Amino acid sequence: MKLSVGLKVANNLSLTPQLQQAIRLLQLSSLELEQEIQIQLDSNPLLEKIEDNNSIESLNSVEANENKDLTSELNADHLPNDLPVDTEWDDIYTHQSTALATPEYEEREDNRQIHLSLKEHILEQVNLLHFSRVDKLIAYCIVDSLDDKGFLDADLTDILIAVNQLLREVDNDEDVEEDEVIVVLKHIQRLEPIGVGSRSLAECLQIQLETIKDKTPFLAEAKQLLNYYELLISNDLNKLLKQTGLSKEQLTNAIELLKTLKPYPGLEFDQQESEYQVPDVVVAKKDQHWNVQLNPDVMPKLRINSFYSNMIRRADQSDDNVYLRNQMLEAKNFIKSIDERHKTLLKVATCIVEHQRAFLEQGAEAMKPLVLRDVAEEVELHESTVSRVTTNKYMLTPRGLFELKYFFSSHVGTTSGGEASSTAIRAMIKKLVSNENPRKPLSDNAIAEMLKKEGIEVARRTVAKYRESLHIPSSSERKVLI
């Protein structure tokens, strides 16, 4: 093989650090972006956040005023009696009031509420009961086996083994029997909330019915229904009427009484905090036109620190000057990446609003089919860029707060040759089910036929898939006979 030297010209796309940073910032949510900005502010002295304009004052002017005041005082012909000081007496030492005077800080009662968990709430009540040490140990083991719903998530045999093992560890030769565990469990089930520690939903409802006054109407019928718990759960009302011998009126009132009970007593102690999302884009209608703008509360305002930038000397190659120059370059690139992120987000959001104007005016049933490729071609960006900029970004509209991904959906063909959005079809299915006759609920075939009359070609299996995604039960489960 002959070796030779030659020139070759070719185009090559390389991801520079600036481009990598811009791509990474695109996919960050508003909270993640705020954290990233804070990291940059802490690490780069030439980057600063713009605060209120009234409170901004350059370091040069502050130092100049301080030096001018101090120099003029010291160069005077005679020294004044009171030289300028840094602090005042009252800034450090506060007046100590006497016992007869009004206290400096008013003593107030602490009104903060402490939210106890379910197990802590039950243990507080257990400690008030007159239990022996062994019974209290059994109660602690039972409470430790409760799940989030308040049900007992362990067999009595497992609790018995655990109690006996703990007794042996403390050199106690006493053996606990299963009957003792059942007695302690019944005491716990009568604590607040009633029914905690039940082993099934039927047992939980039965315990709550036992605490209701005997003179309550249809109490006996409600207890009788719990004997046919499986038929009640499956909503098989015809068999319930035959096997219980109750009339329709008695069955209806008994079911209404059961609905007043708490099926899961532990859920009220669930301390799941609500997650609040801050919108990145705000859409509002003004003069028959939909305006799209970025949320000013999440738009960071950054700039280059003028004090440190003035210290940079062009021809100086010292370590300090090189450091400041590099930090200034990084700060400029970061500000530019933030600006590009906002421009891209606004461009994509504006395109989405133009396509989904019918949704904003009429609702989810008017949603148009839209995919990432359509927006990418219109705004002249790559699909991956559109995907990044719509991830974890939220739009506030007059119809609510939606993630930008919500406005993208697949399509289904129509009889007229057009396309219908899957989101719009889900909204139609939800509306049809909400307006149906509870005694004769619509089947999936019936819903498909009704959609076909509206010009939407959709199969029964597709209707079933959309219905399940909306958490709507089947027609047999929705049927109400009485």
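**Sheet and helix packing**

Author: Leu396 stands opposite Leu401 in β6. This is a predicted model, in which local features need pLDDT of at least 70, side-chain atom pairs count only at pLDDT 80 or more, and totals for chains, interfaces and linings use all residues. Residues are numbered from 1 along each chain as its sequence is written, and side-chain values use heavy atoms, with hydrogens and water left out.

Reader: How many bridges join β5 to β6?
Author: Strand β5 (residues 394–397) is joined to β6 by 4 bridges, and the two run antiparallel. Strands (E, at least two residues) and helices (H or I, at least four) are DSSP runs, numbered from the N terminus.

Reader: In what order do the strands of the open sheet come?
Author: The order is β3-β2-β5-β6, with mixed pairing. Two strands pair if DSSP finds at least two bridges between them. The edge strands, β3 (289–294) and β6 (400–403), each pair on one side only.

Reader: Changing topic, at what angle do α19 and α20 pack?
Author: Helix α19 (residues 422–434) and helix α20 (residues 444–453) pack at about 120°, with their axes 11 Å apart. Axes are lines fitted to C-alpha atoms, for helices over the stretch in contact, and angles run from 0 to 180 degrees between N-to-C directions.

Reader: Which residues make the contact?
Author: Ile425, Met428, Ile429, Leu432 and Val433 of α19 meet Ile447, Met450 and Leu451 of α20. Contact means heavy atoms within 4.5 Å.
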